[in-house]
Amino acid sequence: MNMKKVLVLSNMMPSTHHLSFGIFVKNQIDALRNQGVSVVVAGNTDTRVGKLNVIKKYVKWAVSVIKTSVKNRNSVGISHAHYVFPTGVFSLVLKKIYGIPYVITAHGGDIDKMAKKNKWIRHLTFLILKESSHVIAVGQQLAANIHQDFQVPLGKISVMSMGVDREVFKEGSQIEARNKLSLPLEPFVFLFVGNLIKEKGVQELIQAFQQLDNPNSLLYIIGSKKSSKFVEAIYASIDPSFESRIHFINPVPQNELVTWFQASNTFVLPSYIEGFGLVALEALACKVPVIASKVGGLTYLLQDEAGHLIEPENSGSLIEEMKHALNTPKQLYLNEVASERIVAANDQKILTTKLIELYKIHAKR
């Protein structure tokens, strides 16, 4: 296509050791390349935490960004930063030094959490948003927050999720999926996918599952164990009689993750905050009913009965909805018309085309 290269910057990128770390960014890059866009990437694949580790990994990443940027400075027409802070700092610097314009995707935590850490980060967040050519918010509530809290004009903000690849995430035979994963065919399976952190509501999910009083049900939790202290507390909260019914699975490749969705009866995402809730969209694309917290992007994603919204940080609300899922036939519990409308509106191919149009408008000629 008649456009200079796009430089994609992200503080989260997957690796062979951490398959799910920023996988949505990689998926978008692949989708862009599939539509003929030349993309240069400078991403951080290091997931380590702790003050010293964070400093080391960001210094290493900064060196990588500088090298990639200098090498491609004349062939890049626009940079695309994922997460306002810290990633947007690099796009801002590249604009000031080389005159390369940038678009930025806010994913939620950068606005709802990171920008509230201190005045310095808030000021940088404000500056990065102000200097950008365009701001992409992955959800409607996030867009509203950016407009209200950082005075970004509505005309400069687009609501655009990372989208779902419907060629990967699609309906499949539950029996075949369970056989493939060596799961029993009879039990009702609840599935959670996400990082094992407090903000994802994992504690409430385990608490609720243990109070369902339904021996013919299983809970599978797929995700990275980011905080060993939190994970130990989760394990300690499981009654010994439930140890054979609550299973923890490490992150899996997407072609395997879709099998987990297909094998499940209901997907549960009881987050405290969520910019969009991409995994809930992936579940809907597989025709799996979704229970999720009424927060952030999930409120809009699951509106009009596309899913079942519960109160956040409320195991009682979660228990009632999980019971409802257990006792209602799928054809009544899943609103296929509403969920299909949401999935179609967030088709990755359509959104990638929109993103390319944004690049064309704002890129350096």
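The model is predicted: local features require pLDDT of at least 70 and side-chain atom pairs count only at pLDDT 80 or more, while totals for chains, interfaces and linings use all residues. Residues are numbered from 1 along each chain as its sequence is written, and side-chain values use heavy atoms, with hydrogens and water left out.

**Whole chain.** Colouring by secondary structure shows 16 helices and twelve strands (DSSP runs numbered from the N terminus: helices are H or I with at least four residues, strands E with at least two).

**Helices α5 and α6.** Select residues 119-131 (α5) and 140-150 (α6), whose axes come within 11 Å and cross at roughly 105°. The axes are lines fitted to C-alpha atoms over the stretch in contact, with angles from 0 to 180 degrees between N-to-C directions. The two helices are therefore roughly perpendicular (65 to 115 degrees). Next, show the side chains of R122, T125, F126 and L129 on α5 and of I146, D149 and F150 on α6, which make the contact (heavy atoms within 4.5 Å). By class, this contact has four nonpolar, one polar and two charged residues (Ala, Val, Leu, Ile, Met, Phe, Trp, Tyr, Cys and Pro are nonpolar; Asp, Glu, Lys and Arg are charged; the others, Gly among them, are polar).

**Second largest pocket.** Move to the second largest pocket, which holds about 330 Å³. On a 1 Å grid over the protein atoms alone, a pocket is an open set of points with protein on both sides within 12 Å along at least five of seven lines, a cavity is a set where a 1.4 Å probe fits but cannot get out, and lining residues have an atom within 4 Å of a point. Grid points are joined across faces, edges and corners, and volume is the space filled by probe spheres set on them. Select N27, A31, N34, D165 and Q348, the closest to the pocket centre among its 17 lining residues. Helix α1 gives the largest share, six residues. The lining divides into four nonpolar, six polar and seven charged residues.

**Largest cavity.** Finally, select F24, N27, M162, G163, V164, D165, F169, Q254, L278, E282 and Q348, which line the largest cavity. Its volume is about 40 Å³.

Note on methods: Parallel < 35°, antiparallel > 145°, perpendicular 65-115°, else oblique.
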